[in-house]
Each structure stands twice: as C-alpha cells, then as structure tokens.
Amino acid sequence: MNLMTEETDKFRAREEKWQKRWKQERAFVPLNDGSKPKYYNLIEFPFPSGSGLHVGHMLPYTGMDVLARFRRHQGYDVLFPIGYDSMGISSEKYATKIGKHPRDSVAELIKIFEKDISVMGLSFNPESTVATSDPEFIKWTQWMFIQFFKAGLAYKSELPMNWCPCCKTNLTNEELEDGKCERCHGPVEKKMKLQWNLAMTKYADRLIDDLSLVDYPEQVKVQQINWIGRSCGADVNFMVDDDVMTVYTTRIDTIFGVTFCVLAPEHKLISKWLENEKITNKQEVMDYIESAKSKSEFERTDVTKTKTGVKLDGVMATNPFNGRKIPVFISDYVLVDYGFGAIMAVPAHDSRDWDFAKKFNLDIIPVLAGGTDGAVYEGDGLHINSEFLNGMGKDEAIATAIKYGEEHGFAKGTKKYKLKDWGFSRQMYWGEPIPLVHCEKCGWQPVPESELPLLQPFMSDYKPTDDGESPLARATDWVNTTCPVCGGVAKRETDTMPQWAGSSWYFMRYIDSKNNNAFCDRKLLDKWMPIDHYNGGMEHTTRHVLYSRFWYKALSDLGFVPGVEPYKKRTSNGLLLAEDGRKMSKSLGNMVPSSDAVARAGADACRMTILSLGPWEQNVNWSEGTLSGVQRFLKRVENLSDNLTHDTMTVEQERLVNQLISDVTERIENMRFNTAISGMMEFLNAFNGGKMPYDAYEILIQLLNPFAPHLTEEMWEKLGHKDMMVYTAWPVFDAAKLVKQETVIVVSVNGKRSGDFVVAANATQEEITEHAKVVAQKKLSGVQIIKTIYVPNKLINFVVK
RNA sequence: GGCCCUGUGGCGGAAUUGGUAGACGCGCUUGACUCAAAAUCAAGUUCUGCAAGGAGUAUCGGUUCAAGUCCGAUCAGGGCCA
C-alpha cells in the first residue's frame with residue numbers, strides 16, 4: 001500500500017503540537033458553569049486486557065469523538081469521559097497469565113491504553129477518568145450494595161449455579177456461551193451453593209414498560225423484552241394425595257386436555273417422595289436425576305433432541321378441574337428455576353408434550369377444534385371436550401378458566417418472567433468484596449460506612465480454591481472480625497461482586513470523580529443525568545445495559561438519583577474486523593494496533609479510515625486501501641490551502657457549499673459518518689483543477705474538523721485565525737441557496753429510461769412535456785400515449801399502448 | 001426450532017417518502033511528467049456488443065405508470081435466544 005511515509009512524519013509532528021495545546025488549554029474539560037446547555041456523550045469503557053488497543057477499539061471512540069466535537073461546535077457544554085473497567089475476572093486472568101498482582105498489571109495496562117488513546121486525538125475529558133479498581137471507586141460500589149441490602153434487594157439463596165471447574169468460579173447464565181463457559185469454553189456443571197442475589201425481577205415490569213421513555217434501537221428493545229420474557233398465565237394446584245403440586249401454565253384454557261404432569265428432576269417434592277417411599281421405582285428415578293445434573297440448560301431444552309424421562313411409579317396427580325387422575329413424570333426438559341419447575345402437559349396441542357406422550361404411550365385428548373388425527377395441533381381453534389369452556393375462543397376460555405379456578409381456590413392468574421434475579425456472588429480474588437459480616441447473634445450485617453472501602457487483603461496466591469469457595473476464604477485473619485452491631489465474633493462474607501458491578505454506575509462517577517463525600521454531588525447529578533447518548537456493543541444489550549438500568553432504578557427508588565432511566569439514547573456500532581474478515585486477534589496475527597496505524601498514516605487519516613469503512617451499525621473490514629485513499633484526500637485538502645482565491649462564489653459554488661453544510665450536518669447527526677466523509681470528497685472533486693474560493697475552503701475545514709481535528713486546526717491557523725477550532729460555531733446553511741438553477745429531467749416510456757435533458761428549474765410542465773416528447777421521439781412514434789406522469793424536477797414517464 | 005438482520009461491479013460500499021442503480025474510496029487500464037520508477041496530474045472502468053442496442057441489485061413470482069427499495073415464497077450468509 002502506498003502510504004506517504006515522508007508526509008506522515010509531518011502529520012505526526014503537527015498532531016503532537018495540537019494535542020499538547022488542547023491539553024494545556026483544557027479544551028475538553030466541561031465548563032460546568034451553566035453558561036451552555038449540557039450534553040453527556042458516553043462510550044463504553046474498556047477493560048484493560050493484554051492484547052492492547054487495536055483499530056477496532058477505536059471505532060466507537062472515534063465515532064463518538066466526532067459527535068462530541070460536533071456538539072461543542074453546536075454550543076453545548078460536553079462531557080465526554082473515558083475510564084477503565086479494571087475490576088473482575090478479565091483483569092484477574094491477565095494478571096495470572098503474566099504472573100503479576102492485578103493491582104500492578106492494571107496500572108501498567110492503563111498507562112499503555114492512555115498513550116494509545118491520546119495519540120488518536122480523542123477529545124476525552126482528561127480530568128474525569130475513573131477506574132473501577134480504584135479504592136475510592138470500590139468504596140462507592142460497596143456503599144451502593146449496602147443501600148440495596150438495607151432496602152431488602154440483596155438476599156442469599158441456594159440456587160443451582162453454573163460451576164466452571166476450569167475457571168473455578170460460578171457463572172451466571174449471561175456468562176455462558178452455548179451452554180459452556182464464555183472464557184475457557186469448557187463444560188459447565190450444576191452445583192448448589194448459597195449465594196447473594198439482587199432482586200432484579202422486582203423491576204421486571206418497569207424494565208419493560210419504561211422502554212417507552214427512551215430512544216433505543218427497536219432491535220435492542222425487542223431483545224430486552226424477550227430476555228425479560230414476561231408472560232401472563234396461571235398457577236394451578238394439582239393434588240398428589242395430601243401434597244399440593246403447583247404448575248405454571250400460559251394455556252390454562254387447555255386444562256381439560258391435560259393427560260400427565262412433568263416435574264424438573266430437582267423438584268423439591270421428589271426428594272420428599274423418595275424419602276417417604278411414595279415413589280416405588282426409587283433407583284430408576286435417582287439414576288435419572290444424577291444423569292440430568294451433568295447436562296447444561298442448553299442441552300436440556302434443545303427441542304430437536306429426543307425427550308427422556310421417568311415415570312414416578314406410585315404418584316398420581318388429580319386435575320382439579322375434572323378430578324381426573326393422571327401420571328407424573330420427571331424430565332430434564334422442565335427447568336427447576338422457571339415457574340415452579342413443574343408443568344401440566346397437553347400433548348394434543350404442544351409439540352414437546354406430544355413427543356413425550358408418544359414415547360411413553362400416554363393419552364392424547366384434543367381440546368381445540370381444527371387439528372387432524374395423528375398430529376400435534378398448535379394453532380388456534382374453538383374449545384371442545386372442555387365442559388364449560390366448549391365453544392369459546394382462546395382469550396375468553398383463559399379468562400373463564402382463571403375465574404373458575406379462583407372461585408374454587410385451586411388456580412389463580414399470575415405473571416412470570418424468564419428473567420432471574422441477578423446472581424451477584426463470585427468466587428474470585430479481583431472483585432469488590434461483598435461488604436457484609438455474619439454474626440451468630442445478629443445475622444448478616446453491613447460493614448459500617450466509615451470502614452469503606454473494604455479491600456481484599458493482599459494475597460500473592462489468589463487462585464480460586466478447588467471446592468468452590470472464594471480465595472478470600474483462605475485469608476483467615478481477614479475473614480475473622482467482630483460484629484459491627486454487638487461486637488461479638490463474626491466472619492466476613494468471602495464472595496466478591498461480578499465484573500458488572502462497577503460498570504452499572506461508573507457513568508455517574510465521571511461527573512464528579514474526585515468527590516470524597518458522595519458517589520457524586522447531587523446537584524451535578526441533576527444537571528448531567530440522564531446521559532444524552534450512550535453508544536456501545538450489541539453484546540451488552542441484555543447484560544450491562546439491563547443491569548445498569550436496574551441499578552439506576554433501584555437507586556432512584558431510594559432517592560439517590562434523578563429520573564428513572566440512565567440513558568436517553570442508545571446506539572450500537574458494528575464490529576471492525578480484520579482485513580481478512582475475521583475477528584482481530586493476536587493469535588491469528590491479523591491485528592492492526594492503533595498505535596501502528598497512527599505511526600504509519602497519522603491520526604487524522606486513521607480516524608477517517610475507521611469511519612469510512614461502512615455504515616455504523618454494520619460489521620466492517622479494515623482496509624489498508626481506504627487508509628491510503630483517505631491520506632491522499634487529506635493531502636489534497638492541505639495543498640488546496642495554497643490555491644485559494646478571494647473571488648466571490650458563483651451561484652453554483654454557493655449551492656455546493658450550502659448543500660455540503662446541510663449534508664454533513666445531517667449525516668453526523670444520524671451517525672452516517674461514511675457518507676459524511678464521501679460528501680466532502682465529492683465537494684473537493686467538484687473543484688478539481690481549479691481554485692477554491694477562500695470562504696468555501698473555510699467552511700470545508702470547519703465541517704472536516706470533527707473528523708480530522710489536527711489538520712484542520714493547522715489550516716485554520718494558516719488562514720489567519722488566532723482562536724482554536726474547538727469552540728467555533730458550526731456553519732449554518734441557507735435553504736434558499738440549495739435550489740438548483742437547472743435540473744436534469746429523465747424521460748421514460750412505460751417506466752423504461754429512454755433519455756434525459758437539462759432544463760431551467762423554473763420551466764413549466766407543458767414545456768417539459770413537449771421537450772420530453774422530442775427526446776423520446778423514437779419510442780413514441782406509432783404508439784398512443786395513454787397517460788403522462790410527471791415527477792417535478794426529476795422525471796417524466798409516458799404510458800403508451 | 002424461534003426472533004432479528006443482511007444479500008448491489010474485481011473489492012469496501014452509495015442511492016429521502018418507490019422515480020437517472022453503481023456516488024465516494026480501493027484496485028485496474030491508458031495518457032502526461034520521468035533515463036526509469038515512485039508520487040502526482042488527466043481520462044476511462046457493471047456486463048455484453050464494433051456500434052445502435054440489450055441485460056442487470058441472490059433466485060422465482062406479485063403489486064405499480066415506475067421496484068435495489070413494497071408484498072409472498074425459496075436459497076445463501078450473519079447475529080441473538082432456546
């Protein structure tokens with residue numbers, strides 16, 4: 001590729017000059033004096049990892065930097081911060097790999113990251129940086145947890161957790177990929193352990209309903225709604241002799257078609273029935289339970305696999321609606337932590353139940369009209385074989401059945417969610433210790449606020465233990481403490497918080513990063529929240545974004561933050577892949593480190609290349625060709641500064657300038673950076689071979705500034721301006737000057753193009769029609785014009801026969 | 001299996017509400033400059049055809065005066081979920 005290496009040195013020297021000046025004049029520090037409206041522009045902060053920053057990391061930073069600079073030109077007081085998500089499993093793993101303590105490896109990595117970021121000319125506020133591993137930051141993360149604990153949102157419960165024997169830690173469902181550990185890709189086992197939860201499901205309805213208050217891409221909203229998985233259904237109590245067996249169903253209207261029930265292998269009633277010898281095929285049942293343990297949720301609910309299960313001999317349930325006795329099975333396709341871990345099966349109208357009934361030779365009773373014999377029918381139809389529901393449609397039958405069940409006390413209408421409470425315990429060293437102590441007399445008590453932050457003890461060996469306990473459990477001096485209430489003997493909680501804890505509120509610390517008395521001054525929160533624009537990866541839609549929305553709502557209910565939503569607007573960028581179309585990675589050797597690209601072509605060229613590659617939301621491939629094309633463009637812009645005229649602009653030149661302002665403004669606003677750049681290239685091409693009027697050039701430089709801030713500052717200075725470009729007002733266009741003097745009219749016959757002609761913009765329709773007939777003469781001879789369609793300033797179409 | 005997205009030259013990609021398909025960039029071809037090359041500048045570059053013309057936005061069908069754009073089916077690729 002033909003990069004101009006001798007030019008690059010010049011570019012680089014200039015870039016350093018301006019970066020230094022921006023820093024000296026605190027150009028990117030918000031004024032915070034109320035003289036301008038605020039704009040909070042946010043990127044997702046990186047976690048410092050060993051592979052360093054490549055051009056892909058720079059994509060969201062650069063795009064949002066263009067917007068930050070654009071908003072400053074528009075007169076906003078802009079907060080555009082960056083920090084480091086330096087607490088959690090990824091930082092710990094990196095430290096382990098290089099054999100250093102995470103506190104040291106994190107500090108080193110942050111230095112490298114800061115350098116890479118600064119040479120790109122990104123306009124982050126250098127005075128508001130935060131790192132989630134800073135003791136001052138941890139203090140407030142822990143403080144917030146304590147508020148949640150006091151409000152009853154944090155509780156301990158025994159849940160089946162995903163135990164990764166390789167990473168020796170428990171993972172939430174969100175940290176699984178295809179049922180395997182997302183970090184080591186190894187298999188995951190189910191393991192029961194007492195752990196801390198945050199009661200996120202309490203907010204499930206609001207997390208769905210409040211989406212109407214925010215501007216997120218439709219796709220993101222849909223994904224969050226599906227993830228939360230709200231369903232309206234009914235709890236129905238089946239009796240098994242004296243035991244109540246409750247099932248959850250969304251189709252209570254099919255109750256008369258129930259021919260069996262299925263329990264999850266972990267269901268509590270099973271162990272009871274095994275103990276009291278109710279179940280007569282004990283060994284078979286126990287074997288099945290054992291085999292289900294090793295399967296992941298993914299395997300268990302895979303609809304394509306054949307159903308397995310065991311009948312519980314000796315157990316019969318009674319359908320409360322008709323008194324019918326039905327058999328009970330256990331099967332692994334029923335999950336213990338959704339609903340009650342128990343379902344009623346209607347084989348005639350559910351394919352999973354159908355498969356199961358066929359395999360075990362069970363009755364199939366159709367209760368909806370419209371099906372055919374010998375096949376499952378999952379469509380709608382009027383109810384049959386259903387006593388008092390006969391003849392009803394779905395909605396009416398559901399309402400009637402719920403009413404009947406409620407009147408008789410064996411069913412009630414309820415809502416259920418797929419969303420689970422947030423498993424908040426981790427068994428790793430490099431996480432915020434959960435700030436609670438357990439006293440025999442007083443139970444769980446929060447660490448007094450004056451003792452925050454509660455840091456982990458220094459441990460040189462912080463590898464997790466083999467038995468699933470946190471490494472902190474080995475630090476007995478630290479674990480043994482006194483009860484903050486009664487002063488008696490107590491033990492500290494040894495589990496730590498997940499990676500997602502710090503990132504759930506970091507954006508508020510940016511606003512007031514050095515405050516010692518509060519996580520953020522309330523007046524400043526009122527001023528800067530909510531975030532006006534938050535851009536980040538699509539992969540965070542159901543994790544980070546949902547967690548932080550929950551966190552914010554919880555703080556809001558406790559009166560600590562204004563409003564109920566943290567992010568007014570959310571956008572997502574695509575991935576920047578390597579030139580070969582694969583993900584950039586060290587091991588594939590296809591990585592383009594940003595520092596390397598800057599060294600070869602300069603920061604301005606690098607920034608514009610990243611944004612030129614394709615549309616914002618789509619995945620794009622890095623291209624060295626684009627890099628050299630952009631560098632050529634920048635060189636031409638610079639050379640043009642020696643080729644300016646002071647002539648007044650022609651009418652056509654004025655139109656081009658106004659059109660450019662209009663286009664670039666609109667395209668930046670809509671994050672269509674690739675076409676904003678190509679628009680400026682077109683503009684330059686329109687002046688090929690000639691001179692550009694001074695005024696036109698000055699506007700081009702202003703529009704180009706957010707993309708190529710260094711070169712444009714240099715040219716701005718060369719034009720004789722003393723002030724820096726950072727706060728110059730954005731150019732405005734005159735709509736009256738956008739009108740073309742002449743337009744090209746396309747002539748078509750029956751929709752097929754047959755020529756075009758140029759006409760004055762003020763020509764009448766009659767003149768145009770006559771002219772068009774001449775142009776299309778060949779195709780119009782010997783035919784009859786039935787209809788003429790005229791699209792003003794664009795096209796005229798003759799419909800002929 | 002469900003939900004969602006994408007499919008346009010040799011390549012990356014442009015095309016308000018349906019209204020000139022291929023902007024812009026890369027690459028390539030030719031020319032100028034040069035002993036030569038690089039860089040730069042100029043012209044060209046969807047396919048087919050000498051040309052007039054014809055064909056053309058994954059495939060097939062539909063709606064419309066007019067479809068890359070809207071509708072239906074199919075195929076291919078990707079994402080999220082189960």
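Let me start with contacts in chain A, where contact means heavy atoms within 4.5 Å. Of the contacts with a separation of 6 or more, 72% are between residues 24 or more positions apart. This is a predicted model, in which local features need pLDDT of at least 70 and side-chain atom pairs count only at pLDDT 80 or more, while totals for chains, interfaces and linings use all residues. Residues are numbered from 1 along each chain as its sequence is written, chains are lettered from A and ligands numbered from 1 in the order in which they are written, and side-chain values use heavy atoms, with hydrogens and water left out.

On confidence: pLDDT is the predictor's confidence in each residue, from 0 to 100. Chain A averages 87, and 95% of the residues score at least 70. For the complex, the predictor gives an ipTM of 0.93 and a pTM of 0.88.

Now the overall picture. The C-alpha trace of chain A spans about 100 × 85 × 50 Å along its principal axes. Chain A has 801 residues, and 55% of them count as buried, that is, under 20% relative accessible area, with exposed over 50% and partly exposed in between, for a 1.4 Å probe and protein chains only. There are 26 helices and 29 strands in chain A. These are DSSP runs numbered from the N terminus, helices being H or I with at least four residues and strands E with at least two.

Next, the sheets. Two strands pair if DSSP finds at least two bridges between them. An open sheet of 4 strands has parallel pairing and the order β2-β1-β20-β21. Its edge strands are β2 (77–79) and β21 (570–573), each pairing on one side only. Neighbouring strands here are turned by 20° against each other on average, direction ignored. Strand β20 (residues 533–537) pairs with β21 in the parallel sense over 4 bridges, and N535 has T571 in β21 as its bridge partner. Across β1 (38–43), β2, β20 and β21 lies helix α2 (residues 55–73), which runs at about 175° to β1. For such angles, axes are lines fitted to C-alpha atoms, for helices over the stretch in contact, and values run from 0 to 180 degrees between N-to-C directions.

Another open sheet of 4 strands is mixed in its pairing, with the order β27-β26-β29-β28. Here the edge strands are β27 (752–760) and β28 (785–791), and each pairs on one side only. The twist from one strand to the next averages 20°. Strand β26 (residues 742–749) runs antiparallel to β27, and 7 bridges join them. V749 stands opposite K752 in β27. Helix α25 (residues 765–775) lies across β26, β27, β28 and β29 (795–800), at about 135° to β27.

On to a helix pair. Helix α19 (residues 603–612) packs against helix α24 (residues 709–718) at an angle of about 130°, with the axes 7 Å apart. That makes α19 oblique to α24. In this contact, A603, D604 and R607 of α19 meet P709, H710 and L711 of α24.

Last, one loop residue. N517 is in the loop between α15 (506–509) and α16 (522–528). Why does N517 count as exposed? Because its relative accessibility is 71%. From N517 to M724 the separation is 207 residues in sequence and 37 Å in space, C-alpha to C-alpha.

Note on methods. Angles under 35 degrees count as roughly parallel, over 145 as roughly antiparallel, 65 to 115 as roughly perpendicular and the rest as oblique.
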